[in-house]
Amino acid sequence: MAGFLVRRVGQIIPTLLFVSLLIFGLQQLMPGDPALILAGEERGDPLVLAQIRAELNLDRPLHEQYVLWLFKVLQGDLGFSWRIREPVAKVILEKLPVTLQLGLMAFVIACLIGIPAGIVSAVKKDQPADWIANGVALAGISTPNFWLGIMMILLFSVHLGWLPPSGYVALTVDWRQSLATTIMPAFVLGTGIAAVLMRHTRSAMVQAMNQDYVRTARAKGLAERIVVAKHALRNALVPVITLGALELGTLLSGAVLTEQVFTIPGFGKLVVDAVFNRDYPVVQGVVLVVAVIYVLLNLAADVLYILINPRLRHA
Amino acid sequence: MTPLLEVRDLAVSFATDEGTVRAVDGVSFSLAPGRRLAIVGESGCGKSVTALAIMRLLAPNARAQGSVRLEGEDVLAASDSRMRALRGGRIAMIFQEPMTSLNPAFTVGDQIVEAIREHTDASPSEARAQAIAWLARVRIPAPERRFDEYPHRLSGGMRQRVMIAMAMACRPSVLIADEPTTALDVTIQAQILGLMRELSEETGTAIVLITHDLGVVAELAHDVLVMYAGRVVEQASLDTLFRTPQHPYTVGLMGAVPRLDEEVARLATIEGTVPSPRAWPPGCRFAPRCPFVIERCRTEVPPLAEVGPGHVAACVQAPLDRFAAAA
Ligand SMILES: Nc1ncnc2c1ncn2[C@@H]1O[C@H](COP(=O)(O)OP(=O)(O)OP(=O)(O)O)[C@@H](O)[C@H]1O
Ligand code: SF4
Ligand SMILES: [Mg+2]
């Protein structure tokens, strides 16, 4: 297990290096001369331009620029936003808790709906409960998030007046208001993923329920509830967990449309604004952070997979 | 004396896409305490379906009719909760595939403890002690250490021993073993059969042994029931059956095992395969493969009739002794 961890962490280093090369490469392809943009009004002054170039190391050969950039990134310096005029790292750090909160809430909702629904539809395979669950899941997958979001705003905010239609309040400011502002977008995001989780849980459970060890568990005289919830589920969850971690990664990379609909100031909104304003350092910073989150979640999924699967734990 | 397990006219049908098929058709037998009965027949004869019907573990598309009585209690009519108390408590079962019959996600010890705690009031530590004692009793070396091992760390033979420990841990009065050694190699087979015989002698647990291998039957059984195409075709004590088989199918099965008795009429191994329950032949179901077939066989269902003391066979030509004399 410890050996595996060391090996697995060792493997992510080349992955992250590759990601950094990719991002650095893209940066070179971006149109426009950063020095010109940063110089602003003084762009006519060659002295100012040279000074900026020297500051940003733009006058050095590319490979040196890459190494210098990488060192800066490692120190938490992601550059400077052209538009907001603040360090990118600071901008991202402001938005990260919002996206984390929204993503985790959506994920919890997805698990709470998707896994039990998958279990029920596997146990009641080819019966009305299964058809209903599958129908709802299909509807959940095919409903666009922004549409569901608008419908929820219409119902819960406009008609019933229960929840604020948009905006965000931080958890640290007022946790009730914070939950009230995030519950709808979290639900919208969560249901889409719940549908995917449900389908995976269902197929894994159907497979597990047909295994010989389930028959053994029944032959022992165990109640069907224990056979399902302990013997079958424990094995079925192994593939579902991996999938869940990847879905969480998707959530944390920012839900562009949903954040837009609910005016939640998270990653999604940050990226959209940055793209429209050609604020490339911000775009790069977000891409980098998201890539790192993805890689780490993958690692977490692998570790969980091993922890829950004794055959691998001892390997 | 009421028998321990009494099966009367057991019939099992499955609802399938091509209509209802009757895989088991009128099986009857009874088992006295401490006795060991073998059910023999080729693949597809309905042996496992019979066993699963007794345990009420058949797939949802199955329907069992007839009667199964365990210590006088009607098993097919028992409530679900009563059935759970019987299963694993009074009647236990082990299966053909030791590699897949244990749950890979739990230690073997936990899986035995689970059975003990389901059927007794044992505390966790008592159950653990009992489980370790059972692991030792089925001759698993270093049982304390094995207790915490996951199934994938054990060989097939060891896993089958664990299955036996798990099945025996609540001291059932009947153990059904469905092809318990088929997946194991020959030396391990003999060890497992020896272990089962020993445990049944020590604890008085009766055994229903399901197999297609007459060699295995000879190792363990007191009595033998021969099944063909969902029906019982012959039943006798081990000795009688091996010495004087009276059904052509039994005789055919014996062609495939080492000769135990020189007087047995020798036939070549049986040609062909067991028909599917979707298309049982009319009359005697063995007729298409039987070397003794006559016209009557194809129209008339031969009833199980006494052919000797405690010996029944379902064949219009039985007893077959006159053929043996001619051969
Ligand atoms: N769930 C089911 N639905 C339909 N048919 C079934 C079902 N289960 C078993 N059968 C049929 O019942 C018949 C008897 O099967 P069974 O498993 O009892 O055979 P067996 O004698 O145990 O053979 P084997 O040596 O292969 O285990 C087979 O033809 C099988 O196709
Ligand atoms: S009844 Fe006829 S076909 Fe059937 S076993 Fe006897 S001789 Fe063969
Ligand atoms: Mg079978």
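## Basis

Residues are numbered from 1 along each chain as its sequence is written, and chains are lettered from A in the order in which they are written. In this predicted model local features need pLDDT of at least 70, side-chain atom pairs count only at pLDDT 80 or more, and totals for chains, interfaces and linings use all residues, while side-chain values use heavy atoms, with hydrogens and water left out.

## Chain A

Chain A has 14 helices and zero strands. Helices (H or I, at least four residues) and strands (E, at least two) are DSSP runs, numbered from the N terminus. The C-alpha trace of chain A spans about 85 × 55 × 35 Å along its principal axes.

## Interface between the chains

On chain B, 25 residues are in contact with 19 residues of chain A. Contact means heavy atoms within 4.5 Å. The two chains bury about 2,100 Å² between them, with 59% of it on carbon and sulfur atoms. Buried area is the accessible area (1.4 Å probe) that two parts lose on being put together, summed over both.

Two salt bridges are counted between chain B and chain A. A salt bridge puts a side-chain nitrogen of Lys or Arg within 4 Å of a carboxyl oxygen of Asp or Glu. Lys230(A) and Glu114(B) form a salt bridge through their side chains, at 2.9 Å, N to O. On the side of chain B that touches chain A, α1 (47-55), α3 (98-101), α4 and α7 each supply at least two residues. Helix α4(B) gives the most, with five residues. That side of chain B divides into twelve nonpolar, seven polar and six charged residues. Here Ala, Val, Leu, Ile, Met, Phe, Trp, Tyr, Cys and Pro count as nonpolar, Asp, Glu, Lys and Arg as charged, and the others, Gly among them, as polar.

## Salt bridges overall

Over all chains there are 29 salt bridges. One of them joins the side chains of Arg36(B) and Glu201(B) at 3.4 Å, N to O. Arg36(B) lies in strand β3 (residues 36-40) and Glu201(B) in helix α8 (residues 186-203) of chain B, so this pair ties together parts that are 165 residues apart in sequence.

## Cavities

The whole structure holds three cavities of 30 Å³ or more. On a 1 Å grid over the protein atoms alone, a cavity is a set of points where a 1.4 Å probe fits but cannot get out, and a pocket is an open set with protein on both sides within 12 Å along at least five of seven lines; lining residues have an atom within 4 Å of a point. Grid points are joined across faces, edges and corners, and a volume is the space filled by probe spheres set on the points.

The largest cavity has a volume of about 80 Å³. Its lining includes Thr216(A), Lys220(A), Phe95(B), His119(B) and Met163(B). Helix α7(B) gives the largest share, three residues. The lining divides into eight nonpolar, three polar and one charged.

## Pockets

The largest pocket holds about 1,200 Å³ of space. Of its 28 lining residues, Arg218(A), Glu224(A), Leu58(B), Ala59(B) and Pro60(B) lie nearest its centre. Helices α5 (88-123), α8 (175-209) and α9 of chain A and α2 (80-86) of chain B each supply at least two lining residues. The lining divides into 13 nonpolar, four polar and eleven charged residues.

The second largest pocket holds about 750 Å³. It has 30 lining residues, and Gln27(A), Pro34(A), Leu56(A), Leu58(A) and Trp69(A) lie nearest its centre. Helix α13(A) gives the largest share of this lining, five residues. The lining divides into 18 nonpolar, nine polar and three charged residues.
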